[in-house]
Amino acid sequence: MNSYSNELEGIQSIIWHELQCAVSNRQHGWRTMTLASLSCDGLPDARTVVLREVDPVEQQLAIYTDKRSPKILQMTQHPNVSLVFWCSKLNWQLRIQAIANTCHDPERALRVWQHVRDTAGAQDYLSLQAPSSPIKEDGRLCEDKNQLCIINFNIQSIDWLSLSREGHRRAKIENGQLTWLTP
């Protein structure tokens, strides 16, 4: 292997390390990302979501959302999505192409809910009304039924960009292949 290959493998390792740090560090730039999907009308639809789980072995990321959210139907109809991360501390951007799917493992969902239910964020999954619906209720919560849904993203490719005064660098990781790109 040449030095570029060694460096790129190191970058790949650092990417996964930083993603794992972002799950537990609320200040990490990659804690929130932009998720872009296609609306049911075929239009681009992007929103900020919070990274909740990282699995480097399975090449998978996960977020939590309300199962009634419009993004669930969007990703069911069009599972190919883009995830965009920016970390100003690293001056790194990640653009990830992934296939989204909802978790159908009730035990995993229960474990996640047991952790989330004791946090301020629990109310996001207990609303009587679906996300994006006009407000009709007085904000009451349904204490006995949560709407938490786990969305898994199976990574297809990662486009890494490092911005630097010494020169920008860019690489793509796809199908286990590491390729340098022109920035």
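The model is predicted, so to speak of local features we need pLDDT of at least 70, side-chain atom pairs count only at pLDDT 80 or more, and totals for chains, interfaces and linings use all residues. Residues are numbered from 1 along each chain as its sequence is written, and side-chain values use heavy atoms, with hydrogens and water left out.

## The overall fold

The protein chain holds 3 helices and 9 strands; helices (H or I, at least four residues) and strands (E, at least two) are DSSP runs, numbered from the N terminus. The C-alpha trace spans about 60 × 35 × 30 Å along its principal axes. Of the 183 residues, 36% are buried, where buried means under 20% relative accessible area, exposed over 50%, and partly exposed in between (1.4 Å probe, protein chains only). Among contacts (heavy atoms within 4.5 Å) with a separation of 6 or more, 57% are between residues 24 or more positions apart.

## The nonpolar cores

A nonpolar core is a set of buried Ala, Val, Leu, Ile, Met, Phe, Trp, Tyr and Cys residues joined through side-chain atoms within 4.5 Å. The largest one has 32 residues, and those with the most contacts inside it are Ile-15, Leu-19, Leu-61, Phe-85, Leu-94, Ile-96 and Phe-153. Two or more residues of this core come from each of α1 (3-24), β1 (32-38), β4, α2 (70-77), β5, β6, β7 and β8 (169-174). Its largest share, 6 residues, is given by β7. A second, separate core has 11 residues, including Ala-62, Val-112, Val-116 and Leu-148.

Not counting residues up to four places away in sequence, Ile-96 touches Leu-61, Val-81, Ser-82, Leu-83, Phe-85, Ile-155, Ser-157 and Ile-158.

Tyr-64, Thr-65 and Asp-66 are all found in strand β4. Here are their accessibilities.

| Residue | Relative accessibility | Class |
|---|---|---|
| Tyr-64 | 16% | buried |
| Thr-65 | 7% | buried |
| Asp-66 | 4% | buried |

Polar contacts are pairs of N or O atoms within 3.5 Å; within protein, one must be able to donate a hydrogen and the other to accept it, and residues adjacent in sequence count only if both atoms are side-chain atoms. The side chain of Tyr-64 makes such a contact with the side chain of Glu-53, at 2.7 Å. For Thr-65, the side-chain partner is Lys-71, at 3.1 Å. The side chain of Asp-66 reaches the backbone nitrogen of Arg-68 at 2.7 Å.

What surrounds these residues, leaving aside neighbours within four places in sequence? Tyr-64 touches Arg-52, Glu-53, Val-112, Val-116, Tyr-125, Leu-148, Cys-149 and Ile-150. Thr-65 is in contact with Lys-71, Ile-72, Tyr-125, Gln-147, Leu-148, Cys-149 and Ile-151. The contacts of Asp-66 are Ile-72, Asp-124, Tyr-125, Pro-131, Gln-147 and Cys-149. As a distance to check in your viewer, the C-alpha atoms of Tyr-64 and Leu-163, 99 residues apart along the chain, are separated by 30 Å.

## Two loop residues with positive phi

Most residues other than glycine have a negative phi. Gln-59, which is not a glycine, has a positive phi of about 55 degrees. Gln-59 sits in the loop between β3 (53-55) and β4 (60-66), and counts as partly exposed because its relative accessibility is 27%. Asn-91 also has a positive phi, of about 60 degrees, without being a glycine. Its loop runs between β5 (80-87) and β6 (92-102), and at 31% relative accessibility Asn-91 is partly exposed.

## The second largest pocket

On a 1 Å grid over the protein atoms alone, a pocket is an open set of points where a 1.4 Å probe fits, with protein on both sides within 12 Å along at least five of seven lines; lining residues have an atom within 4 Å of a point. The second largest pocket holds about 220 Å³ of space, a volume being the space filled by probe spheres set on grid points joined across faces, edges and corners. Its lining consists of Lys-67, Cys-103, His-104, Asp-105, Pro-106, Ala-109, Leu-110, Trp-113, Asn-146, Leu-148, Cys-149 and Ile-150. At least two lining residues come from each of α3 (106-116) and β7 (148-162), and α3 supplies the largest share, 4 residues.
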